[in-house]
Amino acid sequence: MASESWTHAALALRLLAQDPGLGGICVRARSGPVRDRLMALAPAQAVRLHPAITDEALYGGLDLSATLATGLLVRDKGLLATPGPLLLHMAERAAPTLAARLALTLDQARGHTLIALDEGAAPDEALEAKLAERLAFHVDLSDCSLRDAHVRLPQHAQPTTASITPDQITQITRIAHDLGIDSLRAPQFTIRAARAHAGLQGRTEVTAEDLEVACALTLAHRATRVPDPETIEEPPAPPPDQTNQNTGEDRLDLPDELLLEAVRALLPDNLLDRLTAQKARSGRGSGTGAARKGNRRGRPLPSRAGRISDGARIDIIGTLRAAAPWQTIRRQATGREGLQIRPSDIRLKRFEEKSDRLLIFTVDASGSAALTRLAEAKGAVELLLAQAYARRDHVALVAFRGTEAELLLPPTRSLVQTKRRLAGLPGGGGTPLAAGMMAAFEQAQQAGRRGLTPTIAILTDGRANIALDGSADRKQAATDAQQIARALRAAGTDAIVIDTGNRPEPALRNLAQTLDAAYLPLPRADAARLSTSVATVLGD
Amino acid sequence: MTHPFPFSAIVGQDEMKQAMILTAIDASIGGVLVFGDRGTGKSTAVRALAALLPPIKAIKGCPVNSTKAAEVPAWAGLTTKRAHQMPTPVVDLPLGATEDRVTGALDIEKALTKGEKAFQPGLLAKANRGYLYIDEVNLLEDHIVDLLLDVAQSGENVVEREGLSIRHPARFVLVGSGNPEEGELRPQLLDRFGLSVEVTSPKDVDTRVDVIKRRDAFENDNAAFMLRWQAEDAAIRERILTARKALGKLKTPDKALHDVATLCLALGSDGLRGELTLLKAARAYAAWRDDTALTRAHVRAVAPMALRHRLRRDPLDEAGSGTRVTRTLEEVLG
């Protein structure tokens with residue numbers, strides 16, 4: 001298996017050199033001898049990019065050093081100006097904006113190819129989906145040992161252009177469909193890869209072998225479902241006259257099933273787990289409430305020497321101050337009058353901004369909770385509030401009881417107000433968990449739009465018995481809660497579920513799973529312990 | 001590959017194609033938002049649209065593509081008054097574009113080399129009288145969105161910074177595309193798009209095979225393929241021009257107006273923009289169909305694309321707002 005992935009990687013690089021229209025290859029491997037050996041096969045003239053590359057470097061712009069030195073306008077060419085292979089290091093760190101640019105470059109089909117080196121360790125650390133989509137190949141070398149990494153491909157004679165039959169195109173499209181690949185870019189890549197492979201072998205027609213290799217290389221990593229051999233439609237029996245034509249030839253069409261088999265052999269076992277993990281967290285910005293340094297807005301930081309890049313603002317006073325001492329010397333050196341500024345004088349403004357966190361407490365005030373632990377839950381929330389206050393987090397309070405949820409406190413930083421509302425929270429009535437979560441969801445969405453980072457803390461004993469429409473239907477209530485949980489997860493909102501029941505409630509554990517949230521059963525906890533646990537989960 | 005994939009050769013995706021044609025007929029409809037999965041031909045369609053649009057007449061070298069010499073802004077410093085035919089501008093707004101790049105700013109090169117204070121026009125100037133295309137519009141940074149909202153509303157770009165005070169027309173059709181899984185669009189920006197369509201990859205194997213075959217022909221037999229489809233593109237272009245002329249003469253009976261208002265009321269769409277857009281889109285559609293008066297059938301045909309993004313979102317309605325519009329259509333218009 002390991003040496004197979006190596007062979008695939010080497011072959012993919014060869015195909016890529018043959019047909020730049022294949023877009024590129026994503027190599028997932030940590031930096032090491034195996035990857036180095038593979039990179040030795042990559043085109044040597046590849047332009048190296050890094051995730052923090054600026055627009056100026058990519059597209060070119062004013063050459064500041066030359067311009068300032070000569071006093072004339074000098075422009076430099078960007079790295080993307082000349083078509084050719086690009087090599088992106090630490091591809092998993094590439095921001096969506098960089099991915100979008102590179103995707104656009106590949107779309108323009110000017111002859112660029114991209115080799116993305118993905119060094120991601122965790123499953124959700126990966127190349128941006130929209131860029132990965134535009135690369136035909138994806139190989140994972142993380143399980144490949146150096147011993148296996150030695151397969152050399154035979155050198156081929158002059159590559160030829162191969163043709164592909166409409167039937168083969170149909171076959172490829174059908175297989176991609178059976179593997180649950182929605183995007184239509186995938187089968188296009190397969191066709192290109194099959195042609196390129198046939199061309200490498202010096203053939204003028206695509207054969208079954210080319211198809212097999214192409215499917216394995218371009219479709220396996222995109223599959224979203226493992227096709228069930230029994231549900232795959234039988235390929236329609238070829239009309240009699242066609243069979244007659246084919247029997248005379250050695251070239252038999254490979255049945256779809258065999259091709260699928262080739263792909264299936266390469267599918268990872270935990271395909272579905274990985275898929276859900278990707279779906280749940282894909283495309284979310286950072287915004288974890290952490291500080292972000294930037295050069296656009298926020299609290300000003302001291303300015304710093306640096307190159308003028310896109311979006312940076314020059315600290316003019318700082319720049320002048322840096323340039324001032326050298327004026328006389330420079331004037332003598334150049335013989336020119338006036339202010340003389342060198343690139344090393346340029347100072348850039350920097351800012352730090354924090355994305356505020358909003359904690360949305362969703363507290364169960366139903367009869368069942370009131371009987372057991374409402375007081376404890378209140379106490380815990382108060383302790384958390386104190387911590388939130390210390391961190392200047394925003395807090396909102398949603399309580400649910402009877403048939404509906406109520407926003408007791410819109411997002412605020414006022415500790416006193418929150419405490420007062422909480423103390424006055426009456427208990428009793430049914431448990432409309434779904435309604436409570438819904439109200440929290442609405443708050444989270446609004447907060448997200450305002451640039452806050454919402455986290456929902458649900459405190460309940462989990463015996464949901466009131467459905468979203470207010471009817472007392474235990475089953476419907478549970479379904480509703482699950483449905484909202486899915487919506488919350490899809491929205492990427494962080495959550496914590498705190499079980500305040502006397503015994504851990506399995507339904508709540510399920511709910512937490514659906515939410516992709518931490519689950520804290522707290523049998524007979526006291527407020528202080530509850531609060532410590534929440535603080536741990538929040539990563540504080 | 002100098003030519004983009006021809007518009008008419010795009011298989012299926014009729015709603016998306018129709019929406020784009022409608023904005024080409026009447027630019028005041030206000031743009032198209034295309035939401036859908038990856039690899040469904042969103043970008044292909046937008047780039048194809050550029051080749052499809054009829055050319056416009058503009059003063060040569062004018063940074064904002066003015067029609068008359070009198071309209072050329074003074075800061076452009078143009079000496080020529082000659083007009084020329086140019087393709088309708090379709091300007092890409094890249095995701096990471098800075099504010100300066102979008103609105104235009106002080107020309108740093110001139111400032112450095114000649115010590116002059118000059119204005120360097122941005123993307124908004126370039127897109128005047130044409131299209132502004134934002135791929136992955138839902139990932140656009142907030143401060144750029146705010147800026148676009150303002151300009152899209154007023155049709156004028158005002159730059160007041162670093163001692164410059166410049167205003168120039170910026171009337172463009174906003175075309176956005178994105179993948180809803182990667183983030184949502186703010187309702188304010190949603191509302192600025194006249195039409196919105198949702199595209200999905202075709203589920204039917206035959207259609208998919210068709211798409212792949214055409215793409216393959218485009219790549220490997222380009223000359224013959226372009227010859228075949230450019231004729232079809234030309235036919236669409238002619239039809240757009242005819243429809244533009246017919247638009248003025250189109251009758252709008254009160255009954256149709258009544259239908260439009262009733263429909264928007266029943267759906268509870270915010271504001272009156274929904275009604276106006278629906279009416280304009282329906283008129284453009286009628287002109288496209290070569291009909292002489294607006295009827296209920298026209299309204300019905302364009303209602304989903306004109307209204308689906310204006311409804312209050314219900315996070316639990318997994319069917320999507322398109323279905324809600326269709327349902328209400330059935331109820332209200334029978």
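Trainee: At what angle do helix H10 and helix H13 of chain B pack?
Mentor: This is a predicted model. In chain B, H10 covers residues 254-267 and H13 covers residues 321-333. Their axes lie 10 Å apart, and the packing angle is about 130°.

Trainee: Are H10(B) and H13(B) parallel, antiparallel, perpendicular or oblique to each other?
Mentor: Roughly perpendicular needs 65 to 115 degrees, and roughly antiparallel needs over 145. The angle here is about 130°. H10(B) and H13(B) are therefore oblique.

Trainee: Is the crossing of H10(B) and H13(B) left-handed or right-handed, and which residues of H13(B) take part in the contact?
Mentor: H10(B) passes H13(B) in a right-handed crossing. From H10(B), the residues involved are B:Asp259, B:Thr262, B:Leu263, B:Ala266 and B:Leu267. On H13(B) they meet B:Val325, B:Thr328, B:Leu329, B:Glu331, B:Val332 and B:Leu333.

Trainee: Is H12(B) roughly parallel or roughly antiparallel to H13(B)?
Mentor: Helix H12 of chain B, residues 296-307, packs with H13(B) at about 155°, with the axes 9 Å apart. The cut-off for roughly antiparallel is over 145 degrees. That angle makes H12(B) and H13(B) roughly antiparallel.

Trainee: Which residues of H13(B) make the contact with H12(B), and what is the handedness of the crossing?
Mentor: H12(B) contributes B:Arg296, B:Arg300, B:Ala303, B:Pro304 and B:Leu307. H13(B) contributes B:Gly322, B:Val325, B:Thr326, B:Leu329 and B:Leu333. The crossing of H12(B) and H13(B) is right-handed.

Trainee: How many helices and strands does chain B have, and what share of its residues is buried?
Mentor: Chain B holds 13 helices and 11 strands. Of its contacts between residues at least 6 apart in sequence, 75% join residues at least 24 apart. Among the 334 residues of chain B, the buried share is 42%.

Trainee: What confidence does the predictor give chain B and the complex?
Mentor: In chain B, 91% of the residues score a pLDDT of at least 70, and the average is 83. For the complex, the pTM is 0.68 and the ipTM is 0.77.

Trainee: Is B:Arg129 buried or exposed?
Mentor: B:Arg129 sits in the loop between helix H5 (123-126) and strand S7 (131-135) of chain B. Its phi is near 70°, a positive value in a residue other than glycine. The count of other C-beta atoms within 10 Å is 20, and the cut-off is 20 or more. B:Arg129 is therefore buried.

Trainee: Is A:Met90 buried, exposed or partly exposed?
Mentor: A:Met90 also lies in a loop, between strand S5 (85-88) and helix H5 (96-107) of chain A. Its phi is positive, about 45°, although A:Met90 is not a glycine. With 16 other C-beta atoms within 10 Å, the residue falls between the limits of 12 and 20. A:Met90 is therefore partly exposed.

Trainee: How many residues of H7(A) are buried?
Mentor: Helix H7 of chain A, residues 166-178, reaches 18 Å from first to last C-alpha, close to the 18 Å expected. Just after H7(A), A:Gly180 takes a positive phi of about 75°. The buried residues of H7(A) include A:Ile169, A:Ile172, A:Arg174 and A:Asp178. H7(A) is mostly covered, and the buried count is 11 of its 13 residues.

Trainee: What percentage of chain A counts as buried?
Mentor: Chain A has 21 helices and 16 strands. Its contacts between residues at least 6 apart in sequence join residues at least 24 apart in 78% of cases. Of the 540 residues of chain A, the buried share is 41%.

Terms used
Residues numbered from 1 in each chain as written. Chains lettered and ligands numbered in written order. Predicted model: local features only at pLDDT ≥ 70, side-chain atom pairs only at ≥ 80, totals over all residues. Helix = DSSP H or I, 4+ residues; strand = E, 2+ residues; numbered from the N terminus. Expected span 1.5 Å × (residues − 1). pLDDT = per-residue confidence, 0-100. Contact = placed C-beta atoms within 7 Å. Axes fitted to C-alpha atoms, helices over the stretch in contact; angles between N-to-C directions. Parallel < 35°, antiparallel > 145°, perpendicular 65-115°, else oblique. Left-handed = near helix turned anticlockwise from the far one by under 90°.
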